[in-house]
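Welcome to a short tour that you can follow in your viewer. Open the structure, get ready to select residues, and let's go step by step.

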Amino acid sequence: MFKAIFSNISNTIKGTNRFTESRIMSLLHNVDVPFEKATFGLGCFWGVETLFGGKTGVLRTRVGYGGGKAPNPTYKKIQDHTEITQVDFDPKIVSYEELLDMFWKNHDPTFKTKTQYCSLILYHSPEQKSLAEKTRDEFKKTSKDEVLTRIEPFETFYDAEGYHQKYHLQEHASLLPTLGFQKDDERLKTSHLASKINAYLVGMSTVEQFDTEVTSLGLDEETTKYIREYNVQNQGRGMTC
């Protein structure tokens, strides 16, 4: 699907979990194509990251904090910031308009909540600003309640702590070394493979999409089967924190 640079990681897996065979996989961590960024806040970022990570054309996702003015927010001291998800996407495959459509359809922008979980679009260009405002105005036409979504220029992205990155993938501790990761691994923030599997595991792609895309990721048969079982089991689950 992509003209890609493969990060060829030779993984020899030994252990006491289900991934006990010694085997080598060439895993697709890096995808080298022109991309654009989109940044959204629409609730708990564990679920939001799976929503966008499962979209065909999305290359990478990471979660963090933004939209406020206080310096160096953390999860325990988020201050005036919001939980946000940053998306690197290939505009030849998925458009910013499509990502905005996902944004509006997957949360209630009229719901009053604290700043940490508020509805937020941080735009990266005048074009994104215009499209965000246009889609907000369209949503207002069909809403009985006030739309509370903030649309503001992107300024600074503060990475969330390691345990938040690809949270649902990290729940599968035995799978991480198979994919070349450790717990709270920095590379979880930049890996194409991690973004996809984090979404697949919680059913945030159709089974048909999984079967089509998984062949490009460099996984072996046993690992593919394991992930597919969870994808099938979690169909229809939606965003989950």
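**Stop one: paired strands**

Select β1 and β3: these two strands pair in the antiparallel sense, with five bridges between them. Keep in mind that this is a predicted model. To see one of these pairings, pick A38, whose bridge partner in β3 is V87.

How many of the seven residues of β1 are buried? Five are, so β1 is largely enclosed by the rest of the structure.

**Stop two: an enclosed helix**

Next, select helix α1, residues 45–53. Nine of its nine residues are buried, so the rest of the structure largely encloses this helix. Among them are F45, W46, L51 and F52.

What covers the buried residues of α1? Show β1 (36–42), β2 (58–66) and β3 (82–89), then α2 (96–105), α4 (167–170) and α5 (192–200): the cover includes each of these.

**Stop three: a serine in a loop**

Finally, go to the loop between α4 and α5 and select S191. Is S191 buried or exposed? Its relative accessible area is 2%, and under 20% counts as buried, so S191 is buried.

Leaving aside residues up to four places away in sequence, S191 touches H29, R60 and F181. Zoom in on H29: its side chain and that of S191 are joined by a polar contact of 2.7 Å.

Definitions and conventions. Residues are numbered from 1 along each chain as its sequence is written. This is a predicted model: local features need pLDDT of at least 70, side-chain atom pairs count only at pLDDT 80 or more; totals for chains, interfaces and linings use all residues. Side-chain values use heavy atoms; hydrogens and water are left out. Buried means under 20% relative accessible area, exposed over 50%, partly exposed in between (1.4 Å probe, protein chains only). Helices (H or I, at least four residues) and strands (E, at least two) are DSSP runs, numbered from the N terminus. Contact means heavy atoms within 4.5 Å. Two strands pair if DSSP finds at least two bridges between them. A polar contact is a pair of N or O atoms within 3.5 Å; within protein, one must be able to donate a hydrogen and the other to accept it, and residues adjacent in sequence count only if both atoms are side-chain atoms.
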